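Here are my notes on this structure. Please read them with the model open.

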Amino acid sequence: MDMEIRCSVEVLVAILVVLVGSIVIKLFRDLIWKPYSFHKAYTRQGLRGPPYEILVGCMPEYRELLQEGHAQPMQKISHDIVPRIMPHYYKWCQIYGETFFYWYGIQSRLYVAEPELIKEVLSNKFGQYEKQTPRPLVMALLGRGLVFVNGLRWVKHRRIVSPAFNIHNLKTLVKTMPSCTSSMLENWQEMVAQADSHGKEINVHNEFRALTADIISHTAFGSSYNEGREVFELQRELQEMAAEAERSVFIPGSQYIPTSRNRKAWKIDKRIKGTLNYIIQSRLQPSTTGRPHVSYGNDLLGIMMTANKKELCGNQKNLSMTIDEIMDECKTFFFAGHETTSNLLTWAVLLLAIYPEWQAVLRKEVISICGTDIPDADMLSRMKSMTMVLNETLRLYPPATLMIRKTYKELKLGRFMIPKGAALSFPILAVHHNEKFWGPDANMFKPERFAEGASKAAVHPNAFFPFSLGPRACVGQNFAMLESKSVIAMILQRLSFSVSPAYKHAPIAVLTLQPQHGMQIIFKSIEVET
């Protein structure tokens with residue numbers, strides 16, 4: 001009996017030793033060996049970067065610089081925002097050069113700011129540079145949709161999602177935008193009419209958030225508009241949580257610990273999934289005629305489900321998507337569909353308020369093309385000055401300030417050998433403001449630089465990439481541009497606007513670039529002569 005007990009104890013001890021040994025080896029590999037290997041691989045090529053601290057990397061200094069940068073609004077309205085939005089990059093590139101490595105916790109990241117190298121990575125069609133798996137809160141927010149999947153899954157998702165954003169369907173979707181915009185503008189005009197001669201101050205950031213959520217709820221979910229609005233409210237909560245988590249050290253597995261933050265995130269994610277599943281299942285119900293569905297509707301979800309059905313009924317059933325995958329795509333295009341456009345509209349209106357001469361140019365263009373009529377897709381496509389202004393807005397205030405790619409094997413990039421598993425950071429904001437590519441007026445608002453198109457606006461044709469480049473460029477960028485043109489055109493037909501004295505210029509990155517203290521703009525009525 002004693003012998004059996006002793007054998008059992010010895011087995012348990014042996015198992016425990018193996019488990020502890022495995023953990024120790026893994027910790028040594030992840031916390032010490034990998035960082036040492038990356039550091040050695042980079043430094044022997046002449047690259048430098050801030051020192052690595054075990055577990056936290058450069059995160060303490062990174063957080064401190066961000067907190068200092070965001071503590072106060074900017075003293076005056078200036079578009080030189082890189083030191084505020086990316087203070088770590090601004091500081092470290094002055095010390096180590098434009099190409100340098102840093103430590104995001106235990107992960108090594110290499111900053112690459114040369115457009116030619118960025119193009120080489122983003123235009124790669126062989127899957128050598130993959131999207132990095134985001135942190136759990138970001139994944140809950142955006143879903144494992146087109147933005148994050150790789151390889152064959154990306155091919156499958158792109159094939160099914162793309163039809164929703166072709167020009168024919170976009171023209172149909174544009175028709176639903178004016179009714180939402182008109183409702184907002186009627187409220188604005190009523191407030192302006194009740195104001196004194198100085199005009200009415202409106203926080204347009206909040207207004208545009210509500211408007212773009214309204215538009216994407218109609219264009220994405222059609223008759224399920226109210227459920228779409230619920231998803232918007234829930235995603236807003238997750239966004240704040242995800243943005244805060246991005247500034248902290250992430251410990252793998254911590255997302256499963258029932259902390260108060262995790263429990264709140266789980267509850268929100270469960271509600272989002274439940275709402276989306278209800279919307280999707282309602283489309284899958286048999287039609288009232290008893291016949292199978294030929295189409296699931298002409299909104300974004302319906303177009304995507306129809307495309308998915310064609311794949312499911314075809315010869316390549318492996319290219320169809322599951323209900324969970326469709327839900328993930330709904331998360332992606334719902335968040336991106338309103339967040340990107342609301343911020344683009346916010347910054348565009350600020351710039352037009354600061355530069356009334358460009359406001360006058362756009363108003364003249366809109367009136368010459370549309371008069372006082374509601375603009376359609378063909379009218380919007382003819383607004384060249386509007387395109388120039390929106391592109392310059394995206395250059396100065398891009399929706400995303402940073403883009404990450406990861407190597408799955410050792411690769412040569414320009415003159416550098418990039419180790420397997422390396423993360424590459426592309427500072428979109430910094431490239432867009434770099435005088436080397438845009439000239440000494442890089443931090444000035446000059447839409448005329450886009451007069452000959454985006455590819456000729458800078459010294460390098462790929463120095464402008466607010467929606468990424470290559471095969472993985474944002475599939476919804478034309479949707480965002482058409483929506484923005486439509487809204488701004490309708491505002492210019494009715495109102496003039498200027499910056500309120502109450503406005504404090506304080507851009508901040510909360511996953512996307514937005515104003516920290518809102519966007520206060522003063523509106524006045526105008527009489528348009530056609």
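1. Terms first. Two strands pair if DSSP finds at least two bridges between them. Helices (H or I, at least four residues) and strands (E, at least two) are DSSP runs, numbered from the N terminus. This is a predicted model, where local features need pLDDT of at least 70, side-chain atom pairs count only at pLDDT 80 or more, and totals for chains, interfaces and linings use all residues. Residues are numbered from 1 along each chain as its sequence is written, and side-chain values use heavy atoms, leaving out hydrogens and water.

2. Start with β1 and strand β2 (residues 107-111). They pair in the antiparallel sense over 5 bridges. Y102 stands opposite R109 in β2.

3. Both strands belong to an open sheet of 5 strands, ordered β1-β2-β8-β5-β3, with mixed pairing. β1 (100-104) and β3 (129-131) are at the edges with a single partner strand each, so one side of each lacks a neighbour in the sheet.

4. Now helix α2 (residues 59-70). Its 12 residues reach 16 Å from first C-alpha to last, close to the 16 Å expected at 1.5 Å a residue (expected span: 1.5 Å times one less than the number of residues).

5. Which residues of α2 are buried? They are M59, Y62, L65, L66 and H70. Buried means under 20% relative accessible area, exposed over 50%, partly exposed in between (1.4 Å probe, protein chains only). Exposed Q67 and E68 are on the face of α2 turned away from its buried side.
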